[in-house]
Amino acid sequence: MSGLGLFGGTQAGLNWWERRVTVVGLTLVALIPLLWPTIPPLVDLPGHMGRYRVQLDGDGSALRHFYNFHWALIGNLGVDLLIVPLSKIFGLEFGVKLIVMAIPAITVGALLWIAREVHGRIPPTALFALPLAYGHPFLFGFVNFALSMAFALLAFGLWLRLARLGRQRLRAGLFLLIAPLIWVTHTFGWGMLCVLAFSAELIRQHDRGIGWMRAFIHAGVQCLSLAPPILLMILWRSGHVSGVTADWFHWSRKWEWFGKTLRDRWQWFDEGSVALLCALFAGAICSRRLGISRNLGVTAVFLLIVFVVLPRIVFGSAYADMRLTPYLIAIPIIGIRLRPTAPAWLAKGLAIAGLVFFGARIAANTVSFAIASAGYDRALTALNYVPENARLVSFSGHDCRDLWSTNRMEHLGAIAIVRRRAYSNDQWDMVGAQLLTTNKPDGLYFKGDPSQVVTAGPCRNRWKPLNWSLRMLPRNAFDYVWLMDPPVFDERLTRGMSLIWQAGTDRLYRIDDHGPLIEQAAPPRAVVGSKP
């Protein structure tokens, strides 16, 4: 940590929460929830891992019969690039796990560094922001996004430090390289860095005694070193790349995202945690013993404006505004400081409370991840019965309602790509958003996401009932049908298939009759599954 400049000079006189050993310890604690699971149970991550297998195997792989993959410079390549060298050392699965584990650890370390640079020392209230490293976007499996945001926060700490040391020329040179690297990791992280850096420069320039208009201009000049990715963005989003941008100013949805910032498994605990953070910030505004950094306060206002203006869907990618919420809360929380007149007991009490809050959230995340990992391990035993290069279609049961405990099985079928080099129907096929496209026209609707998500009956979304999927499945295009936590379904629709594996309600069928399904009336109606 000292190499990053988190602490300068002697450690004497620092409180326990400011010391190097505490910061290192907190950073390591952030790894705990991810230590046990073989595959981090993040919703979209298994799907991304399937893509990594296709890219790593190269053109000679049998997978290229199912998928097309072509390298291109896009703003969404963080883990895709890092896994190339790491897979050669650790293998694909463990390499991905190491990268994913690093994301919350970097985020925690970066938040503490920013607090140190802004306040001159780490305020005890900063500990309350650390659980946001496990925010909803990370648990959703937006790993390139989360990695880029972790890098952006780390880069912002460096930006502040170099400004404090008066090394603006060195900073400009470094960030001519850093900004494009963060953009390549994910565009969102570069945008976040621009907002953070500009707002900090605006306050720094104004604190030098110049007016707001001149400070605005000077801040813009100082941030020119962050501008090169604009050209990369223009090149990426021109030509054949398309995608709808829609759902602006959906206020009820934005409020929903805010409440779900720490969504994991237990709604009362997750919502209560967000309420606690909001109460802490409100208390800091009203308290005579606490205050808010002008630097991070203005930054929080800028982020709030971005959150309000940002639509839900950007270039075809959903949940664009939702992804901001952990950082929208974290920045003002680490901006809280104790006034000089605040008593020592208040600082110590807040530090202990922040540590307990962080520990409780980490413990909850650890238990939640262990439960999800057990479900993964149970379901993945089905792959012992799937041969190499099989044509596999998977169906994961989902409730029509948006239940709080997220279904983490939606893309688990892609592990068949990773371990069996089989076809899986859960890959995203979005031109320009990623480098993989599907090559299975005979799969019809079942050639990609969201065909793997099924429900018990019709829903007001794009998911299909399992009965409909089994009825409409082009059997000549697939060899195996994998059901994971399925809803109730008509067992007659599996006629012509052999059940070759079962664990609980999870099932694996081999398709023996590849001809069209011919349904026969045969009362009574047989149903199996776990969800009514």
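**View 1. Contacts of M192.** Setting aside neighbours within four places in sequence, M192 is in contact (heavy atoms within 4.5 Å) with M149, A152, L153, L303, L324, Y327 and I331. The model is predicted, so local features need pLDDT of at least 70 and side-chain atom pairs count only at pLDDT 80 or more, while totals for chains, interfaces and linings use all residues. Residues are numbered from 1 along each chain as its sequence is written, and side-chain values use heavy atoms, with hydrogens and water left out.

**View 2. The largest nonpolar core.** A nonpolar core is a set of buried Ala, Val, Leu, Ile, Met, Phe, Trp, Tyr and Cys residues joined through side-chain atoms within 4.5 Å. The largest one has 155 residues, and M192, F395, V481 and W482 touch the most other members. Helix α4 gives the largest share of this core, 14 residues.

**View 3. Helices α4 and α6.** Two packed helices are described by the angle between their axes and the distance between the axes. Here α4 (residues 92-119) and α6 (residues 143-164) pack at about 25°, with axes 8 Å apart. Because angles under 35 degrees count as roughly parallel, α4 is roughly parallel to α6. The contact of α4 with α6 has 19 nonpolar, two polar and four charged residues.

**View 4. N365 in helix α15.** N365 lies in helix α15 (residues 344-380). Is N365 buried or exposed? Its relative accessibility is 2%, so N365 counts as buried (under 20% relative accessible area, 1.4 Å probe, protein chains only). Not counting residues up to four places away in sequence, N365 touches P33, Y134 and D264.

Note on methods: Axes fitted to C-alpha atoms, helices over the stretch in contact; angles between N-to-C directions. Helix = DSSP H or I, 4+ residues; strand = E, 2+ residues; numbered from the N terminus. Parallel < 35°, antiparallel > 145°, perpendicular 65-115°, else oblique. Nonpolar A, V, L, I, M, F, W, Y, C, P; charged D, E, K, R; others polar. Buried < 20%, exposed > 50% of the residue type's maximum accessible area, 1.4 Å probe, protein only.
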